[in-house]
Amino acid sequence: MAEFRRQTSADNKDGVSGMARALARKRGFARLVIIAERLAPRALPPLAVAFVFLSAAWFGLFRAVPPLVHAGLLLAFVLAFIAALVPVFRVRLPDTHEADRLLEERNALPHQAIGVQDDKPATGGAFGQALWLEHQSRMARMIGALETGLPRPDIARHDGFGLRVLPVLLVAIAFAYSYSNRAGLISDAFRIPENIVAPPDVRIDAWVTPPAYTGRAPVFLTGRQDQPRAGTEPQATEASLFRIPQFSDVTVRVTSAGTATDTTVTFLDKGATAATPIPPQKPEKAPVQEAAAGNAPPAPEAAANAPVDNSTHLYKITRDGTLTVGKETWQFAVIPDAVPDIAFDGTPRATVNAALEIPFLAKDDYGLSEAFAEIVPTEAAPAEATPLYPAPEYRLDLPRRNAKDAKATASRNLSEHPLAGKRVRITLVARDAAGQEGRSVPQEMILPARRFTQPLAGAVAEERQVMALNSKDLPRAIELNDALNIRPEDNIPNLTHFLLLQSAKGRMALARDDEMMRGTADYLWEVALGIEDGNLSLAERNLREAQQKLSDALERNASDEEIAKAMQELREAMKEFMQALAEQAMKNPQMAARPNMENMLSSKDLDKMMDQIENLAKSGSKDQARQMLSEMQRMMNNLQAGRTPQDMQQGQDNSEMRQQMDKLGQLMQEQQRLMEQTFKHDQALRNRMQMGDPLTDENLFEQQPGDQNQQQGQQQEQQGGDPTEQMTEEQLRQALKDLQGQQQALEKQLGELQKGLEGMGIKPGKGFGQAGREMKGASGQLGEGQGEQAVGSQGRALQALREGAQDMMNQMSQGQGQGQGPGQGIPQYGQNGRDPLGRRQQNPGPDFGDQVKVPDEIDTQRAREILDEIRRRLGNNVSPEVERQYLERLLDIR
């Protein structure tokens, strides 16, 4: 029993000691809470003095008062702050009893549970001591989770009127005002200059506006966090660096209230020794009001209706440099604006109706504004020459406005210009929005001229060219006209034409100035066109004018009403041209009997294209409408209006060439099919030899030959598989030998083709000879049943045929003088044999297997449908294993 009592007593002592340590920590926290509650009311006066001091500094009070008042204020604030700190230092620290009372009150503990832990019984023996320890343990369990809580200073009891809010509100307003131009600094209170001069009431707003074509936003220089406020001392750090596009405009607006200021604005170019002053644009004096400018910052703070002085300085930055406005500086690093690049994308060429086509490539870092071709004669005109017409204008149609990259082909008809038929130098010029010009390497050519089949029309056109190139050669033009009238009954069978020439002669004789001479020259051109083909040429010219009018309307983004009117004029001009073209075709029976299918075009196609142009223009896609209009112009320039006897002869030559090309294309296709058949038979034969012939069953020998063939035919019809799967090894060998006859037939066709080319004056190239030798070798190998060697020879023969075809095309182009004049050479079309409307040609020529076809939208959709069908069949569990393996190979997952 005694041992139990000693053990119990020891346990109680250990528990009491642990509780005493925890209670000591709680009492420490309670003392801190009591100290905070006693300090909070006494800290209000020093905080109020500090807030008033900060407010006075930020409102600029120390900067505005005289030095004596400045010193007095500073001393007053110091004394007031020290006096306010005296009550703080008189705070009495709490004792243990006060900490216990706080804990008992905050935790609602009865019977002085905390004080019991320190008390001891006055009397009693061992039993009384044990009983007291048990009582302490029970009380300790009540105080095991004591919470001191947060300080609860009763500030309202000490500040019944709530005056503590005033310093806080005052310092908040002063802090917001500290970011204005007239605000002061805290350091002003400790800096007392001998003569304090109030800073001028000046506001400086500066910003940089990049060119509109760059698409960049304006950059504000003032009002930034990294810039000092007005009235501060200059900083020793490096000025801010801004990267801006070249040709940006910097705007500096200096605004002062009441008094005029002398703020200097200069810009120092990098590497220059002297800065360039930037004078104000238009100084003005007006009441303060909000700025209405789009990018201008708001006007400075000033009293309503107070007079202000505004000065705006503008400067275009072209080089790196530093802008200085008063004491503030900004450095600029200019991003150069590169000069546009433009080059020919091929040789300029003439179209069927003597229009000039120029393929070109152009690019610019920010976008192209316009592009044109500069055309000048190569031969220098005499110094005294006075041409009636300026140099021809040739605008290059850009795919879209402000295009950074452009690749297109422009087509313009310059056959009416007097320089047509003369040798000229063509230089492409690209211009960006900044006005910079890029020029290409010039190319020389003979400017396409209209070919007159009527000698009289050509002579009249020559008269007009003589007087148009040099107005001083008018007497010579009159002499040429008189020469035509020497024997009018022989040279001018049509009386109307004779009267027209007489009228033109009278106009030339009466012409006194350049304006009258130009009118006479235009009249001569109309006479020449009328003599040549009646109303067709006039209708063609009206069509070109309507196209140009619509193109100009789309270029300047005209209204929908103006575009609709120009579109209607284009439709009427197109209708007149097609009607005149039909009448001309009726006058030419040979053309009507043998039309050129490659240039065949219906009115429905033209109406559809014009509807698309109109719909694009209405929907706002002006760039796409201009592009389609350009394509239509190219199409019309390549449309043949008629055929001369020379054109008919050339058409017959081209027809014979086309026949030879078709034969060659068919020969290559037959050789390709024969090679595929050879490969298929050879593979089937190899499989039979490796796995054994499954068709050499006794049932096959018991059947009659007729029954066997009939059964094989039925199996092929039912299964729909490869015929080689039902053939025996001997049958496959015989099939390879049977292909020998087809190979010999192709070899014979190649020989006939070479003879035909030689008859046309085209020498067969080495490729045809190599193809013939490979065909002969393949024929012998097929006769011996060597399928693998035959496939190799056939492949080399096919490649040699392609090389020979390319050589034949080159000789045809050189023989026909491709690109030397309108209507000459083999007709060339767009990519993949499409006409300017995007349609496939009805007779695009043979396929030599060397063209890469870019899939269009229909091909892409068809490819998706095929892939979906393959995936559907692959997911079908009932599909045969052979079919599943084939489908997996198609999807490339095996």
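**Close-up views of salt bridges, a sheet and single residues**

D611 has a relative accessible area of 34% and is therefore partly exposed (buried is under 20%, exposed over 50%, partly exposed in between; 1.4 Å probe, protein chains only). The model is predicted, so local features need pLDDT of at least 70 and side-chain atom pairs pLDDT 80 or more, while totals for chains, interfaces and linings use all residues. Residues are numbered from 1 along each chain as its sequence is written, and side-chain values use heavy atoms, without hydrogens and water.

**View 1. D611 and R571 form a salt bridge.** Their closest N and O atoms are 2.6 Å apart (a salt bridge is a side-chain nitrogen of Lys or Arg within 4 Å of a carboxyl oxygen of Asp or Glu). The pair links distant parts of the chain, with D611 in helix α16 (residues 603–618) and R571 in helix α14, 40 residues apart (helices, H or I of at least four residues, and strands, E of at least two, are DSSP runs numbered from the N terminus).

**View 2. K549 and E569 form a salt bridge.** The closest N and O atoms of K549 and E569 lie 3.0 Å apart. Because K549 belongs to helix α13 and E569 to helix α14 (residues 560–587), the pair ties together parts 20 residues apart in sequence. K549 is partly exposed at 42% relative accessible area, and E569 is partly exposed at 27%.

**View 3. R395 and D552 form one of the 19 salt bridges of the structure.** Here the closest N and O atoms are 3.2 Å apart. R395 lies in strand β15 (residues 393–395) and D552 in helix α13 (residues 535–555), so the pair joins parts that are 157 residues apart in sequence. A network of salt bridges links R395, D397, R412 and D552. R395 has a relative accessible area of 24% and is partly exposed; D552, at 28%, is also partly exposed.

**View 4. Five strands form an open sheet.** The order is β3-β10-β9-β5-β6, with mixed pairing (two strands pair if DSSP finds at least two bridges between them). β3 (240–245) and β6 (276–277) stand at the edges with a single partner strand each, so one side of each has no neighbour in the sheet. Strands β9 (residues 321–325) and β10 (residues 328–335) pair in the antiparallel sense over five bridges. T322 stands opposite Q331 in β10.

**View 5. N413 occupies the loop between β16 (405–412) and β17 (423–432).** N413 counts as buried because its relative accessibility is 14%.
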